[in-house]
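I opened this notebook to record what I looked up in one structure. The entries follow in the order in which I made them.

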Amino acid sequence: MLRPVLRLPVRLPCSRLSCLPLLAALLLPMGHAFAQSLPPAVVGALRVAHIPQQNTGVLVIDTEGSKRVLVSNNIGQPFNPASVMKLVTTDAALEMLGPTFTWKTQAYIDGTLAGGVLNGDLILKGGGDPKLVLENFWLLLRQLRARGIQDIRGNLVLDRSYFAPASYDPAQFDGDPQKPYNAGPDALLLNYRTQAFRFEPDAASGTVSVSMDPPMAGFTITPPRLSQEPCGDWQGKLMLNNDVSGATFSGSYSADCGARVWYVHPYRMSNVQYVGASFAQMWADLGGRFAGRVLDGQVTPSARMMVEVQSPALPEVIRDINKYSNNVMARQVLLTLGAEMTGQPGDPVNAARAVRGWLGDKGIDTNGLAIENGAGLSRIERVTPGLLANVLLQAWRSPLMPEFVSSLPLVGYDGTMRRRLKTQGVAGQAHIKTGTLNDVRSIAGYVQAASGKTYVVVFLINHPAAPNGQKAQDALLQWVYENG
C-alpha cells in the first residue's frame, strides 16, 4: 500500500488566547484543575514505538456534568482520523435523519402491462440504500413477478439521480482498485458493489470449482488449476483478470487452502453494468424474460410505481458501519445527509455543509475540520481531538445515546475491537471505534471505569510509526478503566 503523506501543523489552529474560550467552555470548567499529561504507561509505549508525543492527540473527559478532564494532549490540533471520522458521520445521521429513517428502492413501469407482458420500460429508482443486499434485491424482483410482470419488452432504466453524478477513481487512494473498501458510492448501490468468489478444490477430479455472488448474466468464469503447493498467498497465486465479460483465474489454487471466499471490487465494470447483469440473471432465475438494454435515466412523468423495498432502520445501518468500519456504507450515509438536508442530489459539498451546520448548531467549534467522504478513507479528512470529544459528549447526553453507543465495537468482544484487550479488565467495559491507515492509528469512544463513571476517550496518532501505536492506545483504555 502507498503510505499517506501527513503534514502535521506545528501550531494550534487558534492562538493561545483564542483557544481559551473553547477550552474553558467545553473542556475545563471553572473550579477544576488542569488535566494530567499522558499516563506513564502510555508514554512508555509511545517511546518504545518511536512515536513522539507531538504526533498524538489525546483527550479523556468525564461524561458527567463536571466534564472533568483526566488527560489531554494537542486537543486543538487537526489530525487525520482514519475511520474514526465515521463517528461524526453516523452521529450526525442519527440526529438529523432520525432513528426510524429508512432508504427506499422503488420499481416503476412506463408502458402497458397485460397478460404478463410489459410493453415498455422497467425503471429502478435508487434511494441511496447502503444495505441493498442480494436478498432485498431478490425480494423486489419477486414482488414484481407477483404483480404479474414476466416478459419485459422494453429496457431496464436505472434512476441514480438521488446522488449527484460524479467521477470516481477507485485506484486514487492506494492504487489497489480491486479492494472492496475502494468501491464508490452510488444511489443504486447493490451488494456493496462486490463480487464474492467461492473456491472449492476437488482432489478427486483435480479441479477447482468457482462460483460467484451475485450471479451475473453473460459473465463467464475460468477457474484456476489445482496445485499441491502450500496455500500461502492464495489470492496472489490466482492471477485474476476481471472485466465486464468475466473473470479469468490464470494461476493456481492449492488443495491445501480448502474452501475459501474472496471478495473483489469489479472496478472495470460500471455500476450500470453491475446492476444490469445481476438483474438479468436474477430475473431469469425467477422465470422472467428480458432482452432489452440497461440504461441510465430517470423516472418519467408517465411511469407508475409498482413495488418499493425499504432498508433496515438507520440504527442497524450505522451498527454495520461502526462495528465493521464499512467505508462505502459511510459514504452513502454522508451523501444521504446532503440529499435529505438540501433537497438536491447528494454530493460531498452539500453533505459536508450539512454536517458543519449541525455541529455549529450544537456550539461545537469546527476549526480544523475537513470532510471529504465521511468514511475516513482519505488523506484529506481532518478532525481535532476536542471536536471528536465534544461530539461524543453530546451524543452521550442525547436521547439517541443507546442507538449510537451500541453501534461501536465492544472491546474484546466484537467488531474491529474483538481481538484487543481480551484478558484485561477493560474488556466488555468500553465501546471504541478504531481507525487505521498506513500512518494513522486512531481510537475514540467510551470507557466505563471500575468506579462506575463513564469517560469519553480520544487517541489519534499521525506518524510513520503509527502501526506500532496500538499498545499505547490499549494502555490508555486500561488506564482509564483502572483510574477513572
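The model is a predicted one. I then placed the two partners: Asp-320 lies in helix α7 (residues 314-324) and Lys-131 in the loop between β4 and α4 (134-146), so the pair ties together parts that are 189 residues apart in sequence.

Entry on the whole structure. How many salt bridges does a search of the whole structure find? I recorded 11.

Entry on Asp-159. I looked up the salt bridge between Asp-159 and Lys-125, in which the closest N and O atoms are 3.6 Å apart. Asp-159 belongs to strand β6 (residues 156-159) and Lys-125 to strand β4 (residues 117-125), so this pair ties together parts that are 34 residues apart in sequence. Asp-159 counts as buried at 2% relative accessibility, whereas Lys-125 is partly exposed, with a relative accessible area of 24%.

Entry on Arg-160. I found a salt bridge from Arg-160 to Asp-186, the closest N and O atoms being 2.6 Å apart. Both Arg-160 and Asp-186 lie in the loop between β6 and β7 (195-202), so the pair ties together parts that are 26 residues apart in sequence. Arg-160 is partly exposed, with a relative accessible area of 23%; Asp-186 is buried, with a relative accessible area of 8%.

Entry on helix α2. Which residues of helix α2 (residues 40-49) are buried? I listed Val-42, Val-43, Ala-45, Leu-46 and Ala-49. These residues cover an arc of only 165 degrees around the axis, which puts them on the same side of α2. On the other side of α2, I recorded Pro-40, Arg-47 and Val-48 as exposed.

I then checked what covers the buried residues of α2, and the cover includes β1 (56-62), β20 (454-462) and α12 (470-483). Last, I looked at what follows the helix: α2 is followed by His-50, which has a positive phi, near 60 degrees.

Conventions:
Residues numbered from 1 in each chain as written. Predicted model: local features only at pLDDT ≥ 70, side-chain atom pairs only at ≥ 80, totals over all residues. Heavy atoms only, no water. Buried < 20%, exposed > 50% of the residue type's maximum accessible area, 1.4 Å probe, protein only. Helix = DSSP H or I, 4+ residues; strand = E, 2+ residues; numbered from the N terminus. Arc of directions from axis to C-beta. Contact = heavy atoms within 4.5 Å. Salt bridge = Lys/Arg side-chain N within 4 Å of Asp/Glu carboxyl O.
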